Structures are given as C-alpha cells and as structure tokens.
Amino acid sequence: MSIFVLGINGSARKNGNTAKLLNKVLGYARKEGAKTEILHLASKDIKPCISCIAEENCKYPCNIKDDMQGIFETLKKADCLVLGSPTYWYSMSGLMKNFIDRLTACDMVEPPLLDGKVFGVVSTALKEGSAQVTLQIIAPLTSMGAIMVPYNDVIENAGKVWRTEFGINPEKRLARNLVNLAKLVKEKQGKWF
Ligand SMILES: Cc1cc2nc3c(=O)[nH]c(=O)nc-3n(C[C@H](O)[C@H](O)[C@H](O)COP(=O)(O)O)c2cc1C
C-alpha cells in the first residue's frame, strides 16, 4: 500500500532548523516505503484569511484565489501530514498560522478535506516555547478531522532534539508511526465525519 507523506515547513527559512528536522522525518518515512514531498510555505502566495465564515460565506476551495487552491490538491493526495514550525514568541510562526487559518475552507466539504489524514508535528526553538507550538497545531488539526499519530511531536530546542533515555530516535519513531497508522486507516477506509 503506497503512503504519501507531505511535510509542511512553516519557517521563513527553507534550509533552516525546521526544514532539516522535517527532512529527517521524511527521510525515515521513505525508509518505511512512503513517498514524500516538502512544501515550503515561504515559497507560496498565501494571503491571510478574511473570515468569510462570519457571514456564512466560507466556501471550498476558498474565496481568495492564490496558491492555496494548488495546495488543496496536494493535500487531497496526502495520507500523512507533518507540520513543522519554528517557535516565534511562544507561538507557531505567522506563516503556519496563516496557512492553518486558510484550511478553514477544507471544512466546507463533506467529508472535510483533512478527515482521516494522519498527522504529526515538529517544532524548533532556540530556548523555549516549542511545546506550546505543538499544542497550538494539534488543536485545529484534530478539530478539522485529522488523526494525531501516537508520539506525535518532535521538539528541537537549541539544535538538540529531546531524546528519551531508552535510546529511541524520535524522528524515526514519528515517521514509522505515521506510515503505520496511515496504512491502518487506509485499509479500513477510515472516514470519521
Ligand atoms: C520572530 C522570532 C521569534 C522567536 N521566538 C522564540 C521564542 O519565543 N523562543 C525560542 O526559544 N526561540 C525563538 N526564536 C528562535 C527560533 O525559534 C529558532 O531559531 C528556530 O529554530 C528557527 O527555525 P528555522 O531555523 O527553521 O528558521 C524566535 C525567532 C524569531 C525569528
């Protein structure tokens, strides 16, 4: 069964710490037999959400025409998402927040576009705040029907990934669990809406 893992880099830097961490996870996903792609939000024209939903006028694939329509097509093909964000003042980056806001249009179809997609999160920081970033990303994604993978987060502070004393490689574990869970979901054609 072929699994497609899409990494989404919410950093302003395409070769920064977040991209490196994401690429590690994607590399391990390939070793698990998955196809992978990385999407750099910084390379895309993604305008801020204008809250059409407040006037009951939020529509898929969004009233704003920019690069999001192409991104929705890529999202449709993905079985797994890995959202990567640097910590910017104890929050996810503006690029990632903007992107997540624009995913609101995905909820305007049945089943919602993210329904049953398996996701994990990687976040980086110089010092502290990356756990908040992870939590901030988990809430909207699960709310939009995506399934959080077990041991879903890989957090890197000051260039160091937090590792357990059990010799576990968190990037590898995230990749393995993403691919395995996506296979289970696909096998069952799991739709949850
Ligand atoms: C605007 C801004 C705000 C930041 N705020 C924090 C912070 O609150 N906590 C922290 O530990 N690092 C903070 N950092 C550092 C970045 O999280 C860190 O350098 C990160 O790894 C950058 O990711 P990148 O290499 O993908 O660009 C901040 C950086 C920027 C540019």
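Figure 1. With 27 C-beta neighbours inside 10 Å, V5 counts as buried, because a residue is classed as buried once 20 or more other C-beta atoms lie within 10 Å of its own. This close-up, like those that follow, shows a predicted model. V5 belongs to strand β1, which covers residues 4-9. When residues up to four places away in sequence are set aside, V5 touches L26, A29, A34, T36, C80, V82 and L178. Ten residues along the chain from V5 lies N15, and the C-alpha atoms of V5 and N15 are separated by 19 Å.

Figure 2. Not counting residues up to four places away in sequence, the contacts of G7 are L22, V25, L26, T36, I38, L39, V82 and G84. Between G7 and S143 there are 136 residues in sequence, and the distance in space from C-alpha to C-alpha is 20 Å.

**Figure 3. The largest nonpolar core.** Which residues of the largest nonpolar core touch the most other members? Of its 50 residues, these are V5, V25, A29, C80, L81, V82 and L178. Helix α1 contributes the largest share of this core, namely seven residues.

**Figure 4. The buried side of helix α3.** In helix α3, which runs over residues 94-102, the buried residues are L95, M96, F99, I100 and R102. They lie on the same side of α3, because they cover an arc of only 160 degrees around the axis. Among the elements that cover these buried residues are α2 (68-77), β3 (80-86) and α4 (130-143).

**Figure 5. The shell around the ligand.** Around the ligand there are 18 residues, of which S11, G16, T18, P86 and A125 come nearest. Helix α1, residues 17-31, and strand β4, residues 118-125, each supply at least two residues of this shell. Helix α1 gives the most, with three residues. By residue type, the shell divides into eight nonpolar, seven polar and three charged residues.

**Figure 6. Two cis peptide bonds in loops.** The bond that joins Y60 and P61 is cis, with omega at about 5 degrees, and P61 is found in the loop between β2 (35-40) and α2. Another cis peptide bond joins E110 and P111, where omega is about -5 degrees; P111 is found in the loop between α3 and β4.

Figure 7. Most residues other than glycine have a negative phi. At S51, however, phi is near 60 degrees, a positive value in a residue other than glycine, and S51 is found in the loop between β2 and α2. Is S51 buried or exposed? S51 is exposed, because 11 other C-beta atoms lie within 10 Å and the limit for an exposed residue is 12 or fewer. Y90 also has a positive phi, near 65 degrees, and is likewise a residue other than glycine. The place of Y90 is the loop between β3 and α3, and Y90 is partly exposed, with 13 other C-beta atoms within 10 Å.

**Figure 8. The protein chain as the setting for the close-ups.** The secondary structure of the protein chain comes to five helices and six strands, which follow the pattern β-α-β-α-β-α-β-α-β-β-α when read along the sequence. Along its principal axes, the C-alpha trace spans about 50 × 40 × 25 Å. The radius of gyration of the protein chain is 16 Å, which agrees with the value near 16 Å that a compact globule of 193 residues would have. Of the 193 residues in the protein chain, 41% are buried. Among contacts between residues at least 6 apart in sequence, 78% join residues at least 24 apart.

Definitions and conventions. Residues are numbered from 1 along each chain as its sequence is written. This is a predicted model: local features need pLDDT of at least 70, side-chain atom pairs count only at pLDDT 80 or more; totals for chains, interfaces and linings use all residues. Helices (H or I, at least four residues) and strands (E, at least two) are DSSP runs, numbered from the N terminus. The arc is that of the directions from the helix axis to the C-beta atoms. Two residues are in contact if their C-beta atoms, placed from the backbone, lie within 7 Å. A residue is near a molecule or strand if its C-beta atom, placed from the backbone, lies within 6 Å of it. Ala, Val, Leu, Ile, Met, Phe, Trp, Tyr, Cys and Pro count as nonpolar, Asp, Glu, Lys and Arg as charged, and the others, Gly among them, as polar. The radius of gyration is taken over C-alpha atoms; the globule rule is 2.2 Å times the number of residues to the power 0.38. A nonpolar core is a set of buried Ala, Val, Leu, Ile, Met, Phe, Trp, Tyr and Cys residues joined through C-beta atoms within 7 Å.
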